[in-house]
Amino acid sequence: MLLFPNAKINIGLEITKKRNDGYHDIDTIFYPVDWHDILEIVPSESNATKLTVTGNRVDCPPEKNLVTKAWHVLNSHVPIPTVNIYLHKIIPDGAGLGGGSSDAAFTLRGLNEMFQLGLDQATLAAYAAEIGADCPFFIYNKPMRATGIGNIFTPLPITLKQYTVLIVKPDVSVSTKQAYQGVTPSAPITSLPEAVISLPPIQWQNTIVNKFEESVFPQFPEIKKLKQEIYNAGACYCAMSGSGASVYGIFHKDNADRMSALLTQLPKNYISHVSVLQW
Ligand SMILES: C[C@@](CO)(OP(=O)(O)O)[C@H](O)COP(=O)(O)OP(=O)(O)OC[C@H]1O[C@@H](n2ccc(N)nc2=O)[C@H](O)[C@@H]1O
Ligand SMILES: Nc1ncnc2c1ncn2[C@@H]1O[C@H](COP(=O)(O)OP(=O)(O)O)[C@@H](O)[C@H]1O
């Protein structure tokens with residue numbers, strides 16, 4: 001079985017409260033984008049599940065990979081046969097794009113289908129929550145407002161199909177845990193879903209904020225500079241995704257030439273992707 005786990009971007013990210021369990025309550029909009037890893041799951045004759053990773057380097061061994069964790073989490077609820085899994089990493093990690101979480105969620109989805117377990121989305125999302133806060137989103141994988149620790153969802157009727165979204169990952173990685181530690185939670189100034197639904201992206205700049213930028217930009221000035229460069233190239237709206245380090249720009253399609261010019265000027269060790277959106 002071949003699967004293509006996709007990345008997400010966060011449109012706005014408020015951090016409203018530090019909880020007693022060490023996690024934070026957030027308010028954000030998850031938006032799926034078409035930057036994909038490649039995941040293959042095949043039946044195994046062996047008595048152990050094995051993961052082989054190729055492509056971009058992942059800074060943890062296969063047994064700690066979230067894909068392996070997904071197999072174990074599912075197997076702890078519903079015993080399943082062992083499998084061989086091949087993961088080709090394309091989505092950069094430490095990027096705020098949720099690549100690892102998506103790989104894990106697609107593993108749950110793939111195993112559910114492969115072994116005809118008949119688990120519904122709510123059950124898969126509950127298992128995904130045992131893997132990581134971002135993980136349940138990728139079970140649903142459509143534009144959603146997320147609250148709680150990022151696991152309480154309301155579908156959002158928005159589309160960016162008429163725009164082009166550029167995502168750039170500079171040559172730095174941000175630890176999600178450390179990024180949360182650097183933030184002082186505060187009440188949101190505006191209602192995020194209302195603003196996103198009622199205003200066009202050109203009017204989001206001073207209204208829809210990613211709270212992590214406050215703490216991450218002073219530590220990584222190159223991310224702040226990149227955001228300014230994307231605005232200078234004509235983006236309607238630009239922000240860091242999640243806890244960083246990637247930055248995305250939403251461009252009118254008629255500004256595609258300026259966006260392409262920016263791509264040729266970026267440092268060679270920056271990774272970029274131009275998305276064709278499904279939503
Ligand atoms: C910041 C966000 C925004 O979408 O995404 P990324 O930038 O990582 O993609 C998410 O909240 C990241 O979710 P995820 O990366 O799955 O987090 P986890 O692995 O569960 O947690 C990593 C660490 O982040 C902190 N954490 C995570 C989520 C949350 N709501 N509050 C937290 O304080 C905790 O310290 C935790 O130990
Ligand atoms: N399949 C995977 N892909 C990427 N990273 C993984 C994976 N499994 C475990 N990880 C670990 O999770 C960390 C965060 O990965 P990821 O979710 O892709 O980034 P982010 O939290 O920035 O969205 C990585 O630094 C890596 O150590």
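The axes of helix α1 (residues 66-77) and helix α2 (residues 99-114) come within 8 Å of each other and cross at roughly 40°. Axes here are lines fitted to C-alpha atoms, for helices over the stretch in contact, and angles run from 0 to 180 degrees between N-to-C directions. Helices (H or I, at least four residues) and strands (E, at least two) are DSSP runs, numbered from the N terminus. This is a predicted model: local features need pLDDT of at least 70, side-chain atom pairs count only at pLDDT 80 or more, and totals for chains, interfaces and linings use all residues. Residues are numbered from 1 along each chain as its sequence is written, while chains are lettered from A and ligands numbered from 1 in the order in which they are written.

Stay with the helix pair. The crossing of α1 past α2 is right-handed; that is, the near helix is turned clockwise from the far one by less than a right angle. From α1, the residues L66, V67, K69, A70, W71 and L74 take part. They meet G100, S101, D103, A104, T107, L108 and L111 of α2. Contact means C-beta atoms, placed from the backbone, within 7 Å. By class, this set has eight nonpolar, three polar and two charged residues. Ala, Val, Leu, Ile, Met, Phe, Trp, Tyr, Cys and Pro count as nonpolar, Asp, Glu, Lys and Arg as charged, and the others, Gly among them, as polar.

Now take one residue of α2, L111. L111 counts as buried because it has 24 C-beta neighbours inside 10 Å. The cut-off for buried is 20 or more other C-beta atoms within 10 Å, with the C-beta atoms placed from the backbone; 12 or fewer makes a residue exposed, and partly exposed lies in between. Beyond its neighbours within four places in sequence, L111 contacts I41, W71, L74 and I80. V42 is 69 residues away from L111 along the chain, yet their C-alpha atoms are separated by 9.7 Å.

A residue is near a molecule if its C-beta atom, placed from the backbone, lies within 6 Å of it.

Ligand 1 has 20 residues around it, with G96, G132, A133, D134 and G242 nearest. Both β3 and α5 (176-181) supply at least two residues of its shell. That shell divides into six nonpolar, 12 polar and two charged residues.

β3 also belongs to an open sheet of four strands, ordered β2-β3-β7-β8, with antiparallel pairing. Its edge strands, β2 (6-18) and β8 (152-155), each pair on one side only. From one strand to the next, the twist averages 20°. Strands pair if DSSP finds at least two bridges between them. β3 (residues 24-36) and β7 (residues 144-147) run antiparallel and share three bridges. There, F30 has M144 as its bridge partner.

β9 pairs with β11 (residues 247-252) in the antiparallel sense, over six bridges. In that pairing T164 stands opposite F251. Five bridges join β9 to β12 (residues 271-275), again antiparallel. In β12, V274 is the bridge partner of L166.

Terms used:
Two residues are in contact if their C-beta atoms, placed from the backbone, lie within 7 Å.
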